[in-house]
Amino acid sequence: MEARWSARTTVGRVRAPKTIVCVDCGGTCHLLAHPETEFDPGDPVAYRCADCVDRWDLVMADDEDGGQGDEVPGAL
Ligand SMILES: [Zn+2]
């Protein structure tokens, strides 16, 4: 039994959230890049907080549903 999302043609590309919550002041940080920009896993994504004007760089996660990375921690 295999369930796959065949509509996905790009491999591992992710779209960053438009806003995140500032860990410093709890304000809203807005994405500096275009909202439809797609990032590769490991890419830094810059945000700026509307309240404290701090800049945050998130690193896109490798994936959200199952590991396909080239580094597999020795499980067996
Ligand atoms: Zn802030």
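**Figure 1. Burial and secondary structure of the protein chain.** Of the 76 residues of the protein chain, 5% count as buried, a residue being buried if 20 or more other C-beta atoms lie within 10 Å of its own, exposed if 12 or fewer, and partly exposed in between, with C-beta atoms placed from the backbone. The structure is a predicted model, in which local features need pLDDT of at least 70 and side-chain atom pairs count only at pLDDT 80 or more, while totals for chains, interfaces and linings use all residues. Residues are numbered from 1 along each chain as its sequence is written. The secondary structure comes to 0 helices and 6 strands, and the elements run β-β-β-β-β-β from the N terminus on. Helices (H or I, at least four residues) and strands (E, at least two) are DSSP runs, numbered from the N terminus.

**Figure 2. Confidence and contacts along the protein chain.** The average pLDDT, the predictor's confidence in each residue from 0 to 100, is 81 for the protein chain, and 67% of the residues score at least 70. Among the elements, strand 3 has the highest mean pLDDT (97) and strand 1 the lowest (87). Two residues are in contact if their C-beta atoms, placed from the backbone, lie within 7 Å. Of the contacts with a separation of 6 or more, 34% are accounted for by residues 24 or more positions apart.

Figure 3. An open sheet is formed by 4 strands in the order 2-3-5-6, with antiparallel pairing. Its edge strands, each of which pairs on one side only, are strand 2 (19-21) and strand 6 (55-59). On average, neighbouring strands of this sheet are turned by 35° against each other, direction ignored; axes are lines fitted to C-alpha atoms, for helices over the stretch in contact, and angles run from 0 to 180 degrees between N-to-C directions. Two strands pair if DSSP finds at least two bridges between them. In a regular strand the side chains alternate between the two faces of the sheet.

**Figure 4. Strand 5 and its partners.** Strand 5 (residues 44-49) is joined to strand 6 by 5 bridges, and the two run antiparallel. Within this pair, Val-45 stands opposite Leu-58 in strand 6, and Ala-46 stands opposite Asp-57. Strand 3 (residues 28-31) is joined to strand 5 by 3 bridges, also in an antiparallel arrangement. Here Leu-31 stands opposite Tyr-47 in strand 5.

**Figure 5. Val-53 in the hairpin of strand 5 and strand 6.** The hairpin has 5 residues between the strands, and Val-53 lies in this loop between strand 5 and strand 6. Although Val-53 is not a glycine, it has a positive phi of about 60°. Val-53 is exposed because 11 other C-beta atoms lie within 10 Å.

Figure 6. Asp-43 is found in the loop between strand 4 (38-39) and strand 5. Asp-43 counts as partly exposed because it has 16 C-beta neighbours inside 10 Å. From C-alpha to C-alpha, Asp-43 and Val-59 are 5.5 Å apart in space, while 16 residues apart in sequence.

Figure 7. The loop between strand 1 (14-15) and strand 2 holds Pro-17. With 13 C-beta neighbours inside 10 Å, Pro-17 therefore counts as partly exposed. The C-alpha atoms of Pro-17 and Glu-36 are separated by 9.6 Å, and the two residues are 19 residues apart along the chain.
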